Amino acid sequence: MCAQGKCSMEESLFCMIPGVLFLLFANSGRQVGSGDGWLIFASGLYLKWQELMLVLCYSFMAAGLLAVGYLLFMHKKVNDRIPFVPFLFLGTMSLIWRDLL
């Protein structure tokens with residue numbers, strides 16, 4: 001984790017790029033909210049880039065599985081929205097707790 005002083009300033013700045021991209025995408029009026037971008041931005045300050053990519057992959061997989069479950073069993077529609085921030089938060093917290101244990 002970068003918070004333990006093992007990351008350079010360049011690596012920390014590199015890790016903030018996905019958050020900035022999510023923020024730009026959120027401001028374009030698409031389906032992504034600005035809370036997603038801010039959480040990825042903050043996670044990029046704390047996590048290494050490999051860990052951040054792992055958080056994003058886990059978050060997208062979990063959100064996708066939930067969406068499929070909603071479509072199949074809860075009779076939701078494709079246009080219904082699912083908040084992404086809880087998946088990002090759980091992915092980030094699981095990595096932080098993994099390193100603390």
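Helices (H or I, at least four residues) and strands (E, at least two) are DSSP runs, numbered from the N terminus. The model is predicted: local features need pLDDT of at least 70, side-chain atom pairs count only at pLDDT 80 or more, and totals for chains, interfaces and linings use all residues. Residue numbers start from 1 along each chain as its sequence is written, and side-chain values use heavy atoms, with hydrogens and water left out.

**View 1. Glu 51 in helix α4.** Glu 51 has its place in helix α4, residues 49-73. With 11% relative accessibility, Glu 51 counts as buried (under 20% relative accessible area; exposed is over 50% and partly exposed in between, with a 1.4 Å probe and protein chains only). A distance of 9.6 Å separates the C-alpha atoms of Glu 51 and Cys 15, which are 36 residues apart along the chain.

**View 2. Helices α3 and α5.** The axes of α3 (residues 34-46) and α5 (residues 85-100) come within 9 Å and cross at roughly 15°; axes are lines fitted to C-alpha atoms, for helices over the stretch in contact, and angles run from 0 to 180 degrees between N-to-C directions. The crossing angle therefore makes α3 roughly parallel to α5 (angles under 35 degrees; over 145 is roughly antiparallel, 65 to 115 roughly perpendicular and the rest oblique). Residues forming the contact (heavy atoms within 4.5 Å) include Leu 39 and Ser 43 of α3 and Phe 89 and Thr 92 of α5.

**View 3. Thr 92 in helix α5.** Thr 92 lies in helix α5 and, at 8% relative accessibility, counts as buried. Apart from neighbours within four places in sequence, Thr 92 is in contact with Ser 43, Leu 47 and Val 55.
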